[in-house]
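Let's take a walk through this fold together, one stop at a time. Keep the model open beside you as you read.

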Amino acid sequence: MKRIYNFSAGPAMLPLEVLEHAGQEMTDYMDTGMSIMEMSHRSKSFETILEKAKNDLKMIANIPDNYEILFIQGGASLQFSMVPMNLIKHGKADYIVTGQFSKKAYEEATLFLDAKIIASSKDKNFTYIPNCSDLNIREDADYVYICENNTIYGTKFHKLPNTKGKPLVADLSSCFLSEPLDISKYGIIFAGAQKNIGPAGVCIVILRKDLLYNDIFKPTPTLLNYKTYVENNSMYNTPPTYTIYMCGQVFQWIKAQGGLDVLKQRNIDKAALLYDYLDQSSLFKAPVVKEARSIMNVVFVTGHEDLDDLFVKEAKKAGFENLKGHRSVGGMRASIYNAMPREGIEQLVDFMRDFEKKYGGIQ
Ligand SMILES: *Cc1c(COP(=O)(O)O)cnc(C)c1O
């Protein structure tokens with residue numbers, strides 16, 4: 001078996017133990033004589049898988065009782081429209097734009113309500129997080145929106161904005177379950193599974209129950225209404241059964257690792273290996289300001305496009321895949337989610353050191 005170090009931003013690496021266990025259960029799930037992919041979503045076996053996944057998630061993420069956990073298809077991107085459709089009350093929402101995903105969410109919201117950008121880091125190509133301690137939030141804004149970890153730019157809100165009492169809606173696609181969080185500070189959290197949770201195909205939505213309003217936006221299509229998912233335990237129609245099973249397997253893996261406190265420390269240590277090297281390198285640089293650095297997506301550049309290309313090419317040959325930065329940023333990006341082992345980063349840093357020795361003088 002060959003496994004490479006895959007630094008993809010998503011779909012991304014999954015824990016090897018999880019993949020191996022799923023492999024063992026692939027053709028005959030717990031003596032049912034069938035694969036989960038072949039199983040009715042109304043069967044006892046699948047119902048148990050869904051319940052266990054929900055309960056494990058509730059436990060590891062410490063989700064209070066006044067929140068619903070929903071499994072919704074359509075990716076994180078569908079939430080860009082579901083959020084405004086479902087939370088519209090006064091018809092206004094305030095957005096903090098710190099990258100492409102929050103920009104897309106803002107643009108989508110303008111289809112449904114009066115969306116306003118109240119802070120942005122666009123002026124410096126999204127390399128920092130604006131100060132959000134005293135923003136001009138509208139009196140009648142229905143919610144305040146952020147993308148907490150900016151997958152493309154490698155920044156993260158290390159302090160949540162002061163929303164002045166408005167519900168905070170946060171896209172946590174690329175940082176959910178990388179560290180413990182205080183769910184009670186949020187109105188809605190959502191996260192596409194394919195970054196740090198499981199395979200593509202489902203978005204996990206955690207929603208405070210008092211935000212389930214009575215159909216203000218009309219007509220809200222049935223499948224775009226949060227209530228449909230709440231009332232039918234995310235099974236109004238066929239859910240992505242295998243993806244939910246895999247997410248459940250990852251939740252069990254997280255429990256076995258010792259939970260989110262353990263993963264947080266591990267993730268901080270992993271990211272520090274890379275940032276510490278970058279900060280003393282004379283070839284590579286991290287463009288993101290220190291206070292805003294993500295521990296999940298590490299962006300770096302040489303400052304020379306051809307050298308960046310050469311690095312990505314040589315790294316691939318050496319077994320480090322998907323290090324090319326997002327097409328809108330260039331340079332390199334190492335996505336180092338929970339499943340990336342420490343050795344992957346140690347070896348990457350060794351490789352970067354050698355590359356610097358070899359090509360550092362040519363700049
Ligand atoms: C990947 C990503 C998205 C888009 O997710 P899809 O599931 O492809 O819709 C949205 N927000 C963030 C922060 C992401 O990292």
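Just after helix α9, Gly-319 takes a positive phi of about 100 degrees. Before we go on, bear in mind that this is a predicted model, where local features need pLDDT of at least 70 and side-chain atom pairs count only at pLDDT 80 or more, while totals for chains, interfaces and linings use all residues. Residues are numbered from 1 along each chain as its sequence is written, and side-chain values use heavy atoms, with hydrogens and water left out.

Now step back into α9 itself, residues 305-317. Helix and strand names here come from DSSP runs (H or I of at least four residues for helices, E of at least two for strands), numbered from the N terminus. The 13 residues of α9 reach 19 Å from first C-alpha to last, close to the 18 Å expected at 1.5 Å a residue; that expectation is 1.5 Å times one less than the number of residues. Which residues of α9 are buried? They are Leu-307, Asp-308, Phe-311, Val-312, Glu-314 and Ala-315, where buried means under 20% relative accessible area, exposed over 50%, and partly exposed in between, using a 1.4 Å probe and protein chains only. In an α-helix there are 3.6 residues a turn, so residues three or four places apart point the same way. The cover over these buried residues includes β11 (297-300), β12 (320-321), β13 (332-335) and α10 (342-359).

With a relative accessible area of 18%, Val-312 is buried. Leaving aside neighbours within four places in sequence, Val-312 is in contact with Leu-323, Lys-324 and Met-332, contact being heavy atoms within 4.5 Å. Met-332 is 20 residues away along the chain, yet the two C-alpha atoms are separated by 7.5 Å.

Next, a pair of helices. The axes of α1 (residues 16-24) and α7 (residues 241-257) come within 10 Å and cross at roughly 130 degrees. Those axes are lines fitted to C-alpha atoms over the stretch in contact, with angles from 0 to 180 degrees between N-to-C directions. The two helices are therefore oblique to each other; under 35 degrees would be roughly parallel, over 145 roughly antiparallel, 65 to 115 roughly perpendicular, and the rest is oblique. Among the residues making this contact are Leu-19 and His-21 of α1 and Tyr-245 and Trp-253 of α7.

A second pair is α3 (residues 75-87) and α4 (residues 100-109), whose axes come within 8 Å and cross at roughly 45 degrees. That makes α3 oblique to α4. Here Phe-80, Ser-81 and Pro-84 of α3 meet Phe-101, Lys-104, Ala-105, Glu-108 and Ala-109 of α4.

Most residues other than glycine have a negative phi, and most peptide bonds are trans. Where are the cis bonds from Gly-10 to Pro-11 and from Lys-218 to Pro-219? Pro-11 lies in the loop between β1 (5-6) and α1, and Pro-219 in the loop between β10 (203-208) and α6 (226-231). Each bond has omega near -10 degrees.

Phe-126, in the loop between β4 (114-120) and β5 (144-147), has a positive phi of about 60 degrees although it is not a glycine. Phe-126 is buried, at 7% relative accessible area. Lys-164 also has a positive phi, near 50 degrees, and sits in the loop between β7 (155-156) and β8 (168-171). Lys-164 counts as partly exposed, at 39%.
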